[in-house]
Amino acid sequence: GVVYQPSDNISLYASYTRSFTPNLARTFEGNFLDPEKGEQFEVGARAELLDDRLSISVALFSLDKENVAVADPNNPGFSILSKAQRSRGVELDIIGEILPGWNIVANYAYLDTEITDEDDPNAGNRFFNAPSTSPTFGRPMRSKRVP
């Protein structure tokens with residue numbers, strides 16, 4: 001990854017990651033699944049505002065995975081491979097002290113998932129149990145001051 005800081009309060013970054021994870025899941029026949037492999041690209045920016053009391057971050061990402069263990073629909077308790085999946089999205093975070101003693105935490109994520117294995121009957125569908133949005137908003141809270 002790389003980080004570029006065009007000013008004292010703004011940082012821009014980009015990263016690339018490859019992953020390899022042994023699959024511990026087993027098929028109905030008792031075989032271990034092939035290892036999961038992944039490739040992720042991410043770019044983002046972060047700004048520190050209000051004399052560093054407020055931080056705003058945004059990130060865009062794309063993650064492609066191969067050999068993902070998923071539940072076997074015909075044999076509960078066992079797994080099969082989803083040979084290709086893609087997740088893309090954006091995440092926004094706002095964290096800080098907007099007034100003395102008043103803090104805010106807000107997060108929003110948009111996630112677009114897709115099964116990309118052309119041989120999979122579910123190709124083109126979203127992942128099971130993957131929400132498309134994930135908002136989290138904390139209302140401003142008054143901090144307790146300890147003497």
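I started with Tyr-16, which is partly exposed at a relative accessible area of 40%. My cut-offs: buried is under 20% relative accessible area, exposed is over 50%, and partly exposed lies in between (1.4 Å probe, protein chains only). Phe-41 is also partly exposed, at 43% relative accessibility.

I noted the basis of the model. It is predicted, so local features need pLDDT of at least 70 and side-chain atom pairs count only at pLDDT 80 or more, while totals for chains, interfaces and linings use all residues. Residues are numbered from 1 along each chain as its sequence is written, and side-chain values use heavy atoms, without hydrogens and water.

Next, the rings. I searched the whole structure and found two aromatic pairs. Rings of Phe, Tyr and Trp (its six-membered ring) pair if their centres lie within 6.5 Å; planes under 30 degrees apart are stacked, over 60 edge-to-face, the rest tilted.

Tyr-16 and Phe-41 make a tilted pair, 4.9 Å centre to centre with 45° between the planes. Tyr-16 is in strand β2 (residues 10-21) and Phe-41 in strand β3 (residues 36-49), 25 residues apart. Strands here are DSSP runs (E, at least two residues), numbered from the N terminus.

Phe-28 and Phe-78 pair edge-to-face, at 5.4 Å centre to centre and 85° between the planes. Phe-28 is in the loop between β2 and β3, and Phe-78 in the loop between β5 (68-71) and β6 (79-82), so this pair ties together parts 50 residues apart in sequence. Phe-28 is partly exposed at 47%, and Phe-78 is partly exposed at 30%.

Last, I looked at Arg-26. Its charged end sits over the ring of Phe-32, 3.9 Å from the ring centre. The test: NZ of Lys or CZ of Arg within 6 Å of the ring centre and within 35 degrees of the ring normal.

Note on methods:
Helix = DSSP H or I, 4+ residues; strand = E, 2+ residues; numbered from the N terminus.
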